[in-house]
Amino acid sequence: MTAVHENVSATGLPDGTATELFIGGQWRAASDGGTFTDLNPATGRPLAQIASGTAQDIDDAVRAARTQLNGEWGSLPGAARGRILNKVADLIERDGEILARLEALDVGKPVGQPTMLDIPMAAGTFRHFAGWADKITGQSIPTAGYFGQPTHSYTVREPVGVIGAIVPWNTPLMISAWKIAPALAAGNTLVVKPPEDAPLSILHLATLLEEAGLPAGTVNIVPGLGEVAGDALAGHPGVDKISFTGSPRVGRIIAKRAADTFKRTTLELGGKSPQIILPDADLEAAINGTAMGLFFNQGEVCAAGTRILVHRSLYSQVVDGLAAAAAAQVLGDPFDPATTMGALVNAKQRDTVLGYIEAGRSEGARVAAGGGRPDGDGFFVQPTIFADANNDMKIAREEIFGPVGTVIAFDTTDEAIAIANATDYGLAASIWTRDVSHAHTLAGKVRAGAVAVNGWAPIDPALPWGGMKTSGTGRELGWAGIEANTEEKVVTIIL
């Protein structure tokens, strides 16, 4: 498979865009010839027909991954693995414009957003874990001996095995890098199921993995429907671990399927993140940063800060500021430089978000901005701000996954923490304050996997990422990403 050409088709896709399964180093159709239609969210029209993997295709991919685990890839030293991962990073940067175009077409986001975040983060993730590949070490542990005889005990970290990675549609390239890079650094092999709503950037990544010299079968990409390919991957006895990012509903299904064969799991299952604005906050920075946490990627972000908890003294100013930020968003063609917000990924998601907006109205919250959908094609929803809300409302308790924010007043910091923690989720949170001591204190009290002070979701490949409660189990990225992809073995020698 050669790299994508620069020319584009009538749909806007680069010529040669990959649409088949990538198994054992070969591009091929699904075993039953089946396909599914990938839509352009901005227009609602078809982009491409994608090969739809079956249970047989998943089985073939797992077998290919198992062969490489016990073959060429499994015998490569860490330094050699690291060189390949660095080459992947180089190729992601080389094809940055192509990857950004694919993500904008497939997800509906303005093309500047993947250019600014997704592409650099994906390349940076491969570089970060390239550096870890030859530094995964164990430790020597002294003991009291064995029935009077001295011993030498030490640990080693070994690959978990074949990893099944199931990737969401909101930031597919970036999150696939989060799953693939640490797994490869640790010596694992993978079967990746891209999201059916946005598979194209991951399929192009497969061409880059091939070009970088990854042995055939080390990473296999099998697009398909969740209830077919995803279910087969989660339940396959030849898979040692499932890494899934998506909804709690699907996460529960995957956890149950994985339990049948005692697979390890890493599950990142979304959030309902609070953004707490204290009375001493830099108000302009807080409003701008909070708006970013609401509207970036159309609000289709697991860490979206959709519960804005504001001290009553600032409440009216924050509501007005966020309403103005919502009104300033320009919805439209993701390749128009004036566009600041794209379409939601599909009609179902658009209708789900509109349903939440109606629920907010019916529960008595006030629409301060937005509240509907614009005329025209595509799956667009107006950025919406609700005021005069409370934390018992549906719009404050359930993950909407769209550009909808709920502003709630508080009087004391204890009340703010109580509201922030009164949720089933625990992925992320933001605190806006000039008081550093106060920031540390509140950060320790918020029940969330990541807390940002005077910012929103400052992710980095070096920082572990994951949540508490319904937001999931386990961590990705950082050293935690290596631990999640290795098994610790102890060796004791009786001297």
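Which residues does the UniProt annotation "domain: Aldehyde dehydrogenase" cover? According to that unreviewed entry, residues 27-491; keep in mind that UniProt positions are given here in the numbering used for this model, feature names are shortened, and annotations may be inferred rather than shown by experiment.

Quick housekeeping, then. This is a predicted model, where local features need pLDDT of at least 70 and side-chain atom pairs count only at pLDDT 80 or more, while totals for chains, interfaces and linings use all residues. Residues are numbered from 1 along each chain as its sequence is written, and side-chain values use heavy atoms, with hydrogens and water left out.

Okay, that annotated span. Residues 27-491 are 41% helix and 19% strand, and the end C-alpha atoms lie 42 Å apart. Helices (H or I, at least four residues) and strands (E, at least two) are DSSP runs, numbered from the N terminus.

Let's start with a hairpin. Strand β3, residues 35-39, runs antiparallel to β4, residues 46-51, and five bridges join them. Two strands pair, by the way, if DSSP finds at least two bridges between them. D38 has A48 in β4 as its bridge partner. Six residues sit between the strands, and in this hairpin G44 takes a positive phi near 80°.

Now two helices. α3 (residues 78-94) packs with α7 (residues 200-211) at about 135°, their axes 9 Å apart; axes are lines fitted to C-alpha atoms, for helices over the stretch in contact, and angles run from 0 to 180 degrees between N-to-C directions. That makes α3 oblique to α7, since under 35 degrees counts as roughly parallel, over 145 as roughly antiparallel, 65 to 115 as roughly perpendicular and the rest as oblique. Who touches whom? V88, L91, I92 and R94 in α3 meet L205, L208, L209 and E211 in α7, where contact means heavy atoms within 4.5 Å.

On to the sheets. One is open, with three strands in the order β5-β6-β20 and antiparallel pairing. β5 and β20 are at the edges with a single partner strand each, so one side of each has no neighbour in the sheet. Across from S140 you'll find Y154 in β6.

The other open sheet has seven strands, ordered β14-β15-β16-β13-β12-β17-β18, with mixed pairing. Here β14 and β18 stand at the edges. Inside this sheet, β15 and β16 pair in the parallel sense over three bridges, and F386 stands opposite T406 in β16. Helix α14, residues 413-421, packs on the sheet, touching β12, β13 and β16.
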